[in-house]
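Could you walk me through this model in my viewer, one selection at a time? I would like to know what to pick next and what I will find there.

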Amino acid sequence: MDLFEYQGKQYFARYGIPTSPGGVADSVDEAIKQAKAAGFPAVVKAQVQVGGRGKAGGIRLVNNEQEAKEAAEFILGLDIKGHVVKRLWIEHASDIKKEYYASFTLDRNAKLHLAMVSAKGGVDIEEVAATDPEAIKRLHINPIDGISYDQSLELAKSAGIDQEALEGVASVLVKLYECYTLGDADLAEINPLILTPQGKVHALDAKVTLDDAAAFRHPEWDAFRGVSELDGRERLAKEKHLNYIGLEGSVGIIANGAGLAMSTLDVVNQVGGSAANFLDLGGGAGADVMAAALEVINTDDRVEVVLVNIFGGITRCDEVAKGIVDALSSVEMRSPIVIRLDGTNADEGRRILADADLRGVIIEKTMIGAAKRAVEIVDEGASK
Amino acid sequence: MSIFVDENTKVIVQGLTGSQGKFHGLRNKAYGTKVVGGVTPGKGGTDVEGVPVYDSVQDAVAATGATASFIVVPPKFAPEAILEAAAAGISFIVCITEYIPAKDEAMVFNVLRRNYPGTRLLGPNCPGILSPGKCNIGITSGDIALAGGPVGIVSRSGTLTYQALNELSLKGVGQTTCVGIGGDPVPGTTFIDCLAAFEQDPETKAVLMFGEIGGSDEEKAAAFIKENVTKPVVSYIAGVTAPPGKKMGHAGAIVSGGMGTAQAKMDALAQAGVHVARNPTEAGEIMVDIVKGL
């Protein structure tokens, strides 16, 4: 789960990482109130999960109520690369002497945690990495050992952080590592991490991605849900705990496992069709999950045929078949369904489907055969 | 021959008394795998359809001489179960558990690497290992495999591993061993570990390798193949047509900033002399031709 900046700052605060005081506003009136509470000059910032907010006019410095009103009116509803701004974060403007960068993430190659620190913050770090790689200092951290204050201080020094900011940056690094590990973040990034003329170091932005797999030990994450930017189809799928991504084509895809789902997309595209979505049922999906998947696909009016590609391992094909039969007894499907079942209990699954004698359900033996059949159905529909 | 396991491998199932553990543990046993015991704390002394259950891995190892463990427990308990198995002297651990937090995975991997270098972990979030006719540890349906070699399979994503077996078995091409390494961020066993083992195995004459977008493990495998693998390798990378910036599953399968694309992986593999297919069926067809020419 990607957090919005204001959520990331709330999360940072739990781990003692200093941020500017501020508040959230969903309307112009609230924005004026929050700006007055923060104290002028204040910064009004669009809350969207996309880079380049500043360049798009999504961040404004305001000196009085009138300017706060104008900024809020301008930014609320602004379209930033397809993300429409619905919420603002307003905080007291910080005096900035220097801008740094700090982050923790997993290095999948080394299978260790990775700290990255740079004295060149405030800009796109991928650009710094490309043009001036030496400006980013990296440190691998074994999870068994963690990172000490002294290591953090050394890392900050090696990155060329100013003398007066060293202790502040080192202290933030230790806390950011706790936020990253104890807080189960896949990414915890501060850009920029600023030094003020008063010699204080604090986070001016917050980019946090939480590891959904760790949700069971973080009841506090509930507060972050329900405000995401998903489209209608994606929101419905999320409610049903399906791994769904909306695409633009006409073949609705349901598969079990991310790899097989991706591969189904590949095959459909290669035999001349186009996928309307990626949908992974996950492992061990029962009849209810299968029924939910058909329901989600059925809400998409782009879909002209549904391709169900199941290779049972932990998922049992008889369960999948029951789900299809159940779903079709309660949901009026708008399009035919091509089904391929293989693996665990496949014979039983095919028998359940055959016995139910469902209209608009076609059973194919192989993955490529099923993809071809689905695309033929789309083509037949187009030629009518 | 097979890699990592064979017909003599003695296996215990951690979580045998749970519904998934029972279903898959007993199915592995029915396949012919030497499933010699189960472990569930507090249920020692009972049995699951004749398979004795022990309170701890240590007890199970002492009583049965097992060297491999199949872990089928929920994500909350899986990290501890893996470390318990390693501490009890198990040398080959298969963990199929999905949705283990990345921090726990990273911790477990590094504890194994530092304290138990002789222990191999396969997974987590993997389908397991299957050596047709000899040993099946995991959740793969044994009837989709075909014994007699000559192809070794290594695949990242679970269900795509079954697809790989299916493509070969349907065409009458058997397998020596099929290893599903799992698509999680910190897999215990990598493509390279499997490629090295297949290269050493005299019965394996060719290798089928299925990868997917995201990360750089396939690129690393390509570099390894170029230097170390003399046997023919056929590959397929899932996600050739995946849109960038969309995370396709828990696997961390994502194309971002031009990194981890299927094309980059396919190019790297092709440059290493690997036969690169565009889909699983094509990969199977290429392998059939290679096997015919052996």
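Start by selecting Phe4(B), which sits in the segment before strand E1 (10–14) of chain B. Helices (H or I, at least four residues) and strands (E, at least two) are DSSP runs here, numbered from the N terminus. Phe4(B) has a phi near 65°, a positive value in a residue other than glycine. Is Phe4(B) buried or exposed? Phe4(B) counts as buried because 22 C-beta neighbours lie inside 10 Å. The cut-offs are these: a residue is buried if 20 or more other C-beta atoms lie within 10 Å of its own, exposed if 12 or fewer, and partly exposed in between, with C-beta atoms placed from the backbone.

Before you move on, a word on what you are looking at. This is a predicted model, in which local features need pLDDT of at least 70 and side-chain atom pairs count only at pLDDT 80 or more, while totals for chains, interfaces and linings use all residues. Residues are numbered from 1 along each chain as its sequence is written, and chains are lettered from A and ligands numbered from 1 in the order in which they are written.

Next, pick Tyr99(B), in the loop between strand E6 (92–95) and H4 of chain B. Tyr99(B) also has a positive phi in a residue other than glycine, near 70°. Tyr99(B) counts as buried, because it has 20 C-beta neighbours inside 10 Å.

Then go to Gly123(B) and Pro124(B): the peptide bond between them is cis, with omega near 5°. Pro124(B) is in the loop between E7 and strand E8 (128–131) of chain B.

**The two domains of chain B**

Colour residues 10–122 as domain 1 and 145–292 as domain 2 of chain B; these bounds come from an automatic or database domain assignment. The C-alpha centres of the two domains of chain B are 27 Å apart. Where they touch, domain 1 of chain B supplies 10 residues and domain 2 of chain B supplies 8. Contact here means that the C-beta atoms of two residues, placed from the backbone, lie within 7 Å. On the domain 1 side, the elements giving two or more residues are helix H4 (102–115) and strand E7 (120–122) of chain B. H4(B) gives the most to that side, with 5 residues. By class, that side of domain 1 of chain B has 7 nonpolar, no polar and 3 charged residues. For these classes, Ala, Val, Leu, Ile, Met, Phe, Trp, Tyr, Cys and Pro count as nonpolar, Asp, Glu, Lys and Arg as charged, and the others, Gly among them, as polar.

Now select helix H7 (residues 217–228) of chain B, with 12 residues. H7(B) reaches 16 Å from its first C-alpha to its last, close to the 16 Å expected at 1.5 Å a residue; the expected span is 1.5 Å times one less than the number of residues. Which residues of H7(B) are buried? They are Asp217(B), Glu218(B), Ala221(B), Ala222(B) and Ile225(B). These residues lie on the same side of H7(B) because they cover an arc of only 140° around the axis, the arc being that of the directions from the helix axis to the C-beta atoms. Show the cover as well: helix H6 (191–200), strand E12 (206–212), strand E13 (233–238) and helix H8 (262–271) of chain B are included in it.

**Where the chains meet**

Display both chains: 51 residues of chain B are in contact with 43 residues of chain A. On the chain B side, H4, helix H5 (158–170) and helix H9 (280–292) are the elements that give two or more residues. The largest share, 8 residues, comes from H4(B). That side of chain B has 24 nonpolar, 19 polar and 8 charged residues. The predictor gives the complex an ipTM of 0.91 and a pTM of 0.91.

**Across to chain A**

Chain A has 12 helices and 18 strands, and its C-alpha trace spans about 75 × 50 × 40 Å along its principal axes. Select Asn191(A) and Pro192(A), joined by a cis peptide bond with omega about 5°; Pro192(A) is in strand E10 (residues 185–195) of chain A.

**A last stop: confidence**

Colour chain B by pLDDT, the predictor's confidence in each residue, from 0 to 100. Chain B averages 93, and 95% of the residues score at least 70. Residues 250–257 of chain B stay under 50. Where pLDDT is low, the predicted coordinates should not be read in detail.
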